[in-house]
Amino acid sequence: MIEILTSDELARARDAGALVGSILQSLKERTRVGVNLLDLDRWTKQMIEDAGAESCYVDYAPSFGRGPFGHYVCTAVNDAVLHGMPYDYSLAEGDLLTLDLAVTLRGISADAAISFVVGTAGAPEDLAMIEVTERALAAAIAVARPGARIGDLSHAIGTVLSNAGYPINLEFGGHGIGSTMHQDPHVANDGRPGRGYKLRPGLLLALEPWVMADTDELITDDDGWTLRSATGCRTAHTEHTIAITEDGAEILTLPR
């Protein structure tokens, strides 16, 4: 299903996106050495409920997971990169943490992710990897406009990631979003320009470049959800929900 939002729905998407961005910013500010992943999940639950929103994750049970996710935020640490299930772990100095959050507010969903290093001494290679995912996301957003095609966005992402020397996994990528979290079209993190669905005003896309330092192979934890690098290398993941407008792309998941 591909949804094209009305002006009223787009206004609600802006509110949902701002909420996601604000919650992620609050979580980042509260993350310190010694904070437990379950604390982050508990804080997320409270902020979602306080806003009158609904979690996209807690009851989510797709084919690639094992039963309902059961938590409110994805917390991926170090070699974990996607769908990180919170567990009883206290963050240490230098941990590379990704927080991925999706909520529904007044019937419209928004999805975003941030990666950052816990504490004060981030390894240069970790900071560089995070920065590459941010640049790849910016490159895709720059070419997202009416008439562009999904392949143009994928190619923009893949060019930045591959030029920086990172292997690219195509199993998971960006996606359409709207009244539900995961919709068509799929937005792979590499692709051929000029191919795929033509972008139209009112389309929402969640774009999410992610990389693993030295592999494109994933393994799944025993929890049935958390995806890790097969080599144990570190990972990074950055995501925004954007709206296609007559003037180009509008980033919805920035904190207000």
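## The sheet

In which sense do strand β13 and β14 pair, and over how many bridges? Strand β13 (residues 240-245) pairs with β14 in the antiparallel sense over four bridges, and Ala-243 stands opposite Glu-250 in β14. Strands here are DSSP runs of E with at least two residues, and helices are runs of H or I with at least four residues; two strands pair if DSSP finds at least two bridges between them.

These strands belong to an open sheet of five strands, in the order β7-β6-β8-β13-β14, with antiparallel pairing. Because β7 (183-187) and β14 (248-251) stand at the edges with a single partner strand each, one side of each is left without a neighbour in the sheet.

The model is predicted: local features need pLDDT of at least 70 and side-chain atom pairs count only at pLDDT 80 or more, while totals for chains, interfaces and linings use all residues. Residues are numbered from 1 along each chain as its sequence is written, and side-chain values use heavy atoms, with hydrogens and water left out.

## Asp-100

Asp-100, found in strand β4 (residues 96-105), is buried (under 20% relative accessible area, 1.4 Å probe, protein chains only). Asp-100 has no salt bridge, the nearest side chain of opposite charge, Arg-228, being 15 Å away; a salt bridge would need a side-chain nitrogen of Lys or Arg within 4 Å of a carboxyl oxygen of Asp or Glu.

The side chain of Asp-100 does make a polar contact with the side chain of Tyr-57, at 3.1 Å, where the term denotes a pair of N or O atoms within 3.5 Å, one able to donate a hydrogen and the other to accept it.

Notes: Buried means under 20% relative accessible area, exposed over 50%, partly exposed in between (1.4 Å probe, protein chains only). Lys and Arg count as positive and Asp and Glu as negative; His and the chain ends are not counted.
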